[in-house]
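Me: I have a model open beside its sequence, and I would like to go through the words used to describe it. Could you set each word against its definition before drawing a conclusion?

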Amino acid sequence: MLLRCPPGPPGPQPLRRVLPPAAAVVRDRLRECATRIPEAEALLDLLEKCPEHQQKGRFPVVVFEGLDATGKTTVTESVKDTLNGVLLRSPPACISQWRTIFDDEPAHIRRAFYAAGNYILASEIAKASTQAPVVIDRYWHSTAAYTIATEINGKIQDLPPVHDEVYQWPEDLLKPDLVLLLTVDPEERVRRLQRRGLEKTKEEAELEANSVFRQR
């Protein structure tokens, strides 16, 4: 579950409609845009190959969340080596090359892309966790947090109530055993990005300016 502020009035944006609650909804949204975005059709093909209601194996699955330059790469690599495990990332490598295409799309299509990545990643997790511990760099929590933080325009009073379904884990998505959030001082994060010669993504910039995301 995501950390949440105290209950407030329902937000002005239909967040659950922006954040796909199940794989079937993800497929429907991708079909909507498949005629004009060829990559959506390719994404649908990958989704069709993923078994429904996947179950993890006997080994633990640990997710690390956090903004860029918070140390996820260093930490996940270290934990993977310590556990002699497998490291997976979201979006998975098989679709990451399409990220910039979908980032320019309307919110409900953009979220469908990232949600699709979660289901494809779940398929990889299910297989890998039968053989070794699995360490994951971002998963569903990032998809949900980015949606909530960007759609409510930084107003705490617009956060959905505590028991709103937008906070609920999708019933058909494989669950990890543990989720850890990495944080770092904002100024240090900027320095790290500058040292890498990286620019903030559009969403990173939005979230950095979003008071709700920083607080939660």
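This is a predicted model: local features need pLDDT of at least 70, side-chain atom pairs count only at pLDDT 80 or more; totals for chains, interfaces and linings use all residues.

Me: What makes strand 1 and strand 3 a pair?

Reply: Strand 1 (residues 61-65) is joined to strand 3 (residues 134-137) by four bridges, and because the definition asks for at least two bridges, the two strands count as paired. They run parallel, and Val-61 stands opposite Val-134 in strand 3.

Me: Why are strand 2 and strand 4 called edge strands?

Reply: The sheet is open and has four strands in the order 2-3-1-4, with parallel pairing. Strand 2 (86-89) and strand 4 (178-181) each pair on one side only, and that is what the term edge strand describes. Neighbouring strands of this sheet are turned by 20° against each other on average, direction ignored.

Me: What is said of the two faces of strand 3?

Reply: Both faces are covered, with Val-134 and Ile-136 buried on one side and Val-135 and Asp-137 buried on the other. As a general point, in a regular strand the side chains alternate between the two faces of the sheet.

Me: Which strands does helix 6 lie across?

Reply: Helix 6 lies across strand 1, strand 2 and strand 3, and runs at about 175° to strand 2.

Me: Why is Ala-107 called buried?

Reply: Ala-107, which is placed in helix 6, has a relative accessible area of 19%; since buried means under 20%, the residue is classed as buried. Leaving aside neighbours within four places in sequence, Ala-107 is in contact with Val-18 and Glu-151. The C-alpha atoms of Ala-107 and Thr-147 are separated by 8.2 Å, although these residues lie 40 residues apart along the chain.

Me: Why does Asn-118 count as buried?

Reply: Asn-118 also has its place in helix 6, and its relative accessible area is 1%, so by the cut-off of under 20% Asn-118 is buried. Not counting residues up to four places away in sequence, Asn-118 touches Ser-90, Tyr-139, Trp-140, Thr-143 and Leu-173.

Me: How many cavities of 30 Å³ or more does a search of the whole structure find, and which residues line the largest cavity?

Reply: The search finds one cavity of 30 Å³ or more, and the largest cavity has a volume of about 30 Å³. Its lining consists of Leu-19, Pro-20, Ala-115, Asn-118, Tyr-119, Trp-140, Thr-143, Pro-170 and Leu-173. Helix 6 (107-128) and helix 7 (140-151) are the elements that give two or more residues to this lining, and helix 6 gives the most, with three residues.

Me: How do the residues of that lining divide into nonpolar, polar and charged?

Reply: Seven are nonpolar, two are polar and none is charged.

Terms used. Residues are numbered from 1 along each chain as its sequence is written. Side-chain values use heavy atoms; hydrogens and water are left out. On a 1 Å grid over the protein atoms alone, a cavity is a set of points where a 1.4 Å probe fits but cannot get out, and a pocket is an open set with protein on both sides within 12 Å along at least five of seven lines; lining residues have an atom within 4 Å of a point. Grid points are joined across faces, edges and corners, and a volume is the space filled by probe spheres set on the points. Ala, Val, Leu, Ile, Met, Phe, Trp, Tyr, Cys and Pro count as nonpolar, Asp, Glu, Lys and Arg as charged, and the others, Gly among them, as polar. Axes are lines fitted to C-alpha atoms, for helices over the stretch in contact, and angles run from 0 to 180 degrees between N-to-C directions. Contact means heavy atoms within 4.5 Å. Buried means under 20% relative accessible area, exposed over 50%, partly exposed in between (1.4 Å probe, protein chains only).
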